Amino acid sequence: MRKRGEVFLFLFIGAFIGSDLRYLESLIFKTNNGFPLGTLIANLSGALILPFLIHYLQDRYNLSSRVVLTLSTGVLGSYTTFSTFTADTYHLYLTGQWWFLFVYLTITIVGGFGLAILGNYWAATRAFNDYARRRRGRRL
Amino acid sequence: MSNFLLVGFGATVGAFLRNELTLQQSKIKLDFPVVTLFINIFGALLLGIFTAQIHNGAILLLLGTGFCGGFTTYGTFNMELSQLWFQHRLGRCFLYFVLTYVFGILGFVVGIHI
């Protein structure tokens, strides 16, 4: 899988899905008051799912490195975005929407980190439950 | 429909470049996620430049929402943060956190004004 062309193909599929999902959410969750709800939803959900994919789904379903590259670097990497977050932040600052700016910054900064931590615990809990179930199955 | 194609193609190039850069991380003798840090700050700077210079909606979708959106990543950033947290490297965790947010937002503002 070290061939660049192959990598490009898998990232092409992944990035197309991820970025258009984010774009779709920005259209669906378009607010009248200018609050960037779409970016927020994409970023927070992506921050939760990525550690779960890497630390649980990858082992649980024996995903190949191609599939992991497509899903993590491709889909989730393009689904979440940092640049749009900075643009949204500056826009809220320029338009003087201080309350929105405060809420958006707080939820993005604290929420993203918190959900990534939660994603790790979620993965560990699921992995442990699978292990316990296998142990029980063997004893019966 | 064509909007979705613009975003998708832009993001593909962005994601491919991000992957090429991330592969260099192992060659860097520094125990710090500098590559993602660079990607996010540089991507924010680029988006600032594009936002200020490009007035065509379609091209802005391709390069802004597509390329910059796909190039920068928030998921990997938070995953790396959580890894540093679980490894009890709290100093690095805090530094990475502050550098990304401060210089990321600053990058966009600089990009808008140059």
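Which residues in H4(A) meet which residues in H5(B)? The legends below take up that contact and other views of this predicted model.

**View 1. Helix H4 of chain A packs against helix H5 of chain B.**
From H4(A) come Thr86(A), Ala87(A), Thr89(A) and Tyr90(A). They meet Gly104(B), Ile105(B), Gly107(B), Phe108(B), Val109(B) and Ile112(B) in H5(B). By class, this contact has 6 nonpolar and 4 polar residues, and no charged ones. Two packed helices are described by the angle between their axes and the distance between the axes.

**View 2. Chain A meets chain B across an interface.**
The contact involves 38 residues of chain A and 38 residues of chain B. On the chain A side, the elements that give two or more residues are H1 (4-28), H2 (37-60), H3 (65-79), H4 and H5 (98-139). H1(A) gives the most, with 12 residues. The class make-up of this side is 19 nonpolar, 17 polar and 2 charged.

**View 3. Chain A has 5 helices and 0 strands.**
Along the sequence the pattern is α-α-α-α-α. The radius of gyration of chain A is 18 Å, well over the 14 Å that the globule rule gives for 140 residues, so chain A is more spread out than a compact globule. Its C-alpha atoms fill a box of roughly 65 × 40 × 25 Å along the principal axes. Buried residues make up 41% of the 140 residues. Take the contacts in chain A between residues at least 6 apart in sequence: 73% of them join residues at least 24 apart.

**View 4. Chain B also comes to 5 helices and 0 strands.**
Its pattern along the sequence is α-α-α-α-α. The C-alpha trace of chain B spans about 45 × 25 × 20 Å along its principal axes. Of the 114 residues in chain B, 48% are buried. Among its contacts with a separation of 6 or more, 75% join residues 24 or more positions apart.

**View 5. UniProt annotates transmembrane regions in chain B.**
The unreviewed entry places "transmembrane region" at residues 32-50, 57-74 and 94-112 of chain B. Over residues 57-74 the chain is 83% helix and 0% strand. The end C-alpha atoms of residues 57-74 are 24 Å apart. Over residues 94-112 the chain is 100% helix and 0% strand. There the end C-alpha atoms are 27 Å apart.

**View 6. Gly69(B) carries a UniProt "binding site" annotation.**
The annotation comes from an unreviewed entry, which also lists Thr72(B). Gly69(B) sits in helix H3 of chain B, residues 57-71. Is Gly69(B) buried or exposed? It counts as buried, because it has 35 C-beta neighbours inside 10 Å, and 20 or more are enough for that label. Leaving aside neighbours within four places in sequence, Gly69(B) is in contact with Ser19(A), Arg22(A), Ser78(A), Thr81(A), Ser83(A) and Thr84(A) in chain A. In chain B, the contacts of Gly69(B) are Ala11(B) and Gly14(B).

**View 7. Thr72(B) lies in the loop between H3 and H4 of chain B.**
UniProt places "binding site" (unreviewed entry) at Thr72(B) as well as Gly69(B). Thr72(B) has 30 C-beta neighbours inside 10 Å and therefore counts as buried.

**View 8. Tyr74(B) is found in the loop between H3 and H4 of chain B.**
Tyr74(B) counts as buried, with 28 C-beta neighbours inside 10 Å. Which residues does Tyr74(B) touch, not counting those up to four places away in sequence? They are Asn43(A), Gly46(A), Ala47(A), Thr80(A), Thr81(A), Phe82(A), Phe85(A) and Gly112(A). Tyr74(B) and Thr36(B) are 38 residues apart in sequence. In space, the C-alpha atoms of Tyr74(B) and Thr36(B) are 9.4 Å apart.

Notes: Residues are numbered from 1 along each chain as its sequence is written. Chains are lettered from A and ligands numbered from 1 in the order in which they are written. This is a predicted model: local features need pLDDT of at least 70, side-chain atom pairs count only at pLDDT 80 or more; totals for chains, interfaces and linings use all residues. Axes are lines fitted to C-alpha atoms, for helices over the stretch in contact, and angles run from 0 to 180 degrees between N-to-C directions. Helices (H or I, at least four residues) and strands (E, at least two) are DSSP runs, numbered from the N terminus. Two residues are in contact if their C-beta atoms, placed from the backbone, lie within 7 Å. Ala, Val, Leu, Ile, Met, Phe, Trp, Tyr, Cys and Pro count as nonpolar, Asp, Glu, Lys and Arg as charged, and the others, Gly among them, as polar. The radius of gyration is taken over C-alpha atoms; the globule rule is 2.2 Å times the number of residues to the power 0.38. A residue is buried if 20 or more other C-beta atoms lie within 10 Å of its own, exposed if 12 or fewer, and partly exposed in between; C-beta atoms are placed from the backbone. UniProt positions are given in the numbering used here, feature names are shortened, and annotations may be inferred rather than shown by experiment.
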